[in-house]
Amino acid sequence: MTHKIALTFEDGVTRFIDATPSETVADAAYRQGINIPLDCRDGACGTCKCFAEAGRYDLGQDYIEDALSEEEAAQGYVLTCQMRAESDCVVRVPASSDVCKTQQASFEASISAVRQLSDSTISLSIKGESLARLAFLPGQYVNVKVPGSEQTRAYSFSSLQKDGEVSFLIRNVPGGLMSSFLTGLAKAGDSMSLAGPLGSFYLRDIRRPLLLLAGGTGLAPFTAMLEKIAEEGSDHALHLIYGVTNDFDLVEMDKLEAFAARIPNFTYSACVANPESSYPQKGYVTQHIEPKHLNDGDVDVYLCGPPPMVEAVSQYIREQGISPANFYYEKFAASAA
């Protein structure tokens, strides 16, 4: 039996390793060519101190207080030269992937489907044997090479990997390099290259209510997160607010409704900023955040949207005099080149 350990690095790269219950995480990493910072291997120096964001593990007994204090251990810090996984885990490494002698992985796949969900949004699905080995944390993204060029675009996964297939929600940018390819040239079977996974915006262990805020195609990482939550369940309240500019920007509403049916404590709402919208709820996401969603600060907030939305939500929460337990966000901007 082995457990899958996601090692997330300072530069956004994530690599997955397999660890047996009898080996330390550091030994497992080195066995698979990833050099986590390490010195003594005896739990005495603290060089290999990392932060365990998810999973069950044994801290080990052979370390000293100077290397890892009781307070640090209670917060989730671990010494990877002592830590042994008892389940799949996510471990944050305070170093770059380059320092640890690793890099993002590359994959080749083929287009399985391209669907124009609206004038502004494209759904892209790709499939391949290499993707069956692709592991990522829901919320992360990959760099996808634009066929016929050397340029790449960053897209968040909008689904989990299943049978070697993954999907993305892509904003249709008029004149955009990837948009032009997908709307004018792409066909099933076309080859695509991607590298990753990347990013520190991903679903952590759910320990309190969640408030999820999506702007436009920033919905993508949340549908991947909700797919994971639907599989594993959650005892906490989850609320998503999905904001767009125009009525035609609203996509995947049937998918959100399906998640609401599968996840008992999940609710969602949507709003359209255009005052001439025919949609019942108008305005920006901040106008639809209710006090119960912020739960007096005992809430983890996840936000994915354009920079102005991130700034507006940050200001709104400050104005409420509330400090969320955690505030994770991903800013994105469409590329027209």
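Visitor: What volume does the second largest pocket have?

Guide: About 620 Å³. The general idea is that rolling a probe the size of a water molecule over the atoms shows where empty space is left. Here a pocket is an open set of points on a 1 Å grid over the protein atoms alone, where a 1.4 Å probe fits and protein lies on both sides within 12 Å along at least five of seven lines; lining residues have an atom within 4 Å of a point. Grid points are joined across faces, edges and corners, and the volume is the space filled by probe spheres set on them. Keep in mind that this is a predicted model: local features need pLDDT of at least 70 and side-chain atom pairs count only at pLDDT 80 or more, while totals for chains, interfaces and linings use all residues. Residues are numbered from 1 along each chain as its sequence is written, and side-chain values use heavy atoms, with hydrogens and water left out.

Visitor: Which residues lie nearest the centre of that second largest pocket?

Guide: G215, G216, V244, T245 and P306, out of 30 lining residues. At least two lining residues come from each of β15 (238-244) and α7 (307-319), and α7 gives the most, with four. Helices (H or I, at least four residues) and strands (E, at least two) are DSSP runs numbered from the N terminus. By class the lining has 16 nonpolar, eleven polar and three charged residues. Nonpolar covers Ala, Val, Leu, Ile, Met, Phe, Trp, Tyr, Cys and Pro; charged covers Asp, Glu, Lys and Arg; the others, Gly among them, are polar.

Visitor: Which domains does this lining draw on?

Guide: Domain 2 (104-198) and domain 3 (210-331) each supply at least three of its residues. From the record, an unreviewed UniProt entry, comes the feature "domain: FAD-binding FR-type" at residues 104-204. UniProt positions follow the numbering used here, feature names are shortened, and annotations may be inferred rather than shown by experiment. In the model, that span is 8% helix and 44% strand, with its end C-alpha atoms 21 Å apart.

Visitor: How much space lies in the largest pocket, and what lines it?

Guide: About 850 Å³. Its lining has 31 residues, with F136, L137, P138, K228 and E232 closest to the centre. β1 (3-8), β7 (89-92) and α4 (220-232) are the elements that give two or more residues, and α4 gives the most, with five. This lining has 15 nonpolar, five polar and eleven charged residues.

Visitor: How many residues does the largest nonpolar core have?

Guide: A nonpolar core is a set of buried Ala, Val, Leu, Ile, Met, Phe, Trp, Tyr and Cys residues joined through side-chain atoms within 4.5 Å. The largest one has 28 residues, and F222, L226, L240, Y242, I263 and Y302 have the most contacts inside it. Elements supplying at least two residues include β14 (210-215), α5 (253-262), β16 (266-272) and β17 (300-305). α4 gives the most to this core, with six.

Visitor: Is E252 buried or exposed?

Guide: Buried means under 20% relative accessible area, exposed over 50%, and partly exposed in between (1.4 Å probe, protein chains only). E252 counts as buried because its relative accessibility is 12%. E252 sits in the loop between β15 and α5, and its C-alpha is 9.6 Å from that of L169, although the two are 83 residues apart in sequence.

Note on methods:
Domains from an automatic or database assignment.
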